[in-house]
Amino acid sequence: MQTVAQELVEIIERVAPMLESLATDQSLAARSDPKKWSRKEILGHLIDSACNNQQKFVRMMQQPALDFPGYRQDDWVAVQNWANADWKGMVSLWAAYNRHLAYLISTVSPDRLNNTIRIEGVGPFTLSFVMSDYVEHLKHHLRQMFPDGRVTSAFVNVYHA
Ligand code: NI
């Protein structure tokens, strides 16, 4: 899991300044389509993903097989009003949360990695998959936020890109 943790750290350190530099971007809260998230809402979704995945990681470390609820992603974004939240605060929360998740991924006991989760009956997925997939999901949304492709230079693990 060291490679996954290192890639996550690399992404945080390289992407956080890129996100901070968007603070004055007038189109940050704009939606290209009423049904799609703005970049601000995508970052809110990534914070929601971080906290939901912290729950999965920690609970999966504690038991061999876990049944877990899904979460209604659009509702989470709307209910928390990410669209009007403070961007710099969001970026620092995103970075801090992900540093902690990278720490969990780098220190997880190897004998827990085959513990499994079912999410609303779908699965089972192993903890090693859930941790790797967390970073892949993050990369997917970062690519959406930086469609010019410059963000991919922060992605170490090009095999999954
Ligand atoms: Ni997503």
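His45 is buried, its relative accessible area being 0%, while His137, at 25%, is partly exposed (buried is under 20%, exposed over 50%, partly exposed in between, with a 1.4 Å probe and protein chains only). The model is a predicted one, where local features need pLDDT of at least 70 and side-chain atom pairs pLDDT 80 or more, while totals for chains, interfaces and linings use all residues. Residues are numbered from 1 along each chain as its sequence is written, and side-chain values use heavy atoms, with hydrogens and water left out.

Both histidines sit on the nickel ion, which is coordinated through NE2 of His45, His137 and His141 at 2.1 to 2.2 Å. Donors here are N, O and S atoms within 2.8 Å of the metal (3.2 Å for Na, K and Ca), and since water is not among the atoms, sites may look incomplete. The donor spacing reads H-x91-H-x3-H. His45 in helix H2 (residues 39-62) and His137 in helix H5 (residues 127-145) are 92 residues apart, so the pair links distant parts of the chain (helices are DSSP runs of H or I, at least four residues, and strands are runs of E, at least two, numbered from the N terminus).

Then there is the sheet: open, mixed in pairing, and ordered E1-E2-E3, with pairing taken as at least two DSSP bridges between two strands. E1 and E3 (122-126) stand at the edges with a single partner strand each, so one side of each lacks a neighbour in the sheet. Four bridges join E1 to E2 (residues 116-119) in parallel, whereas E2 and E3 run antiparallel, joined by three.
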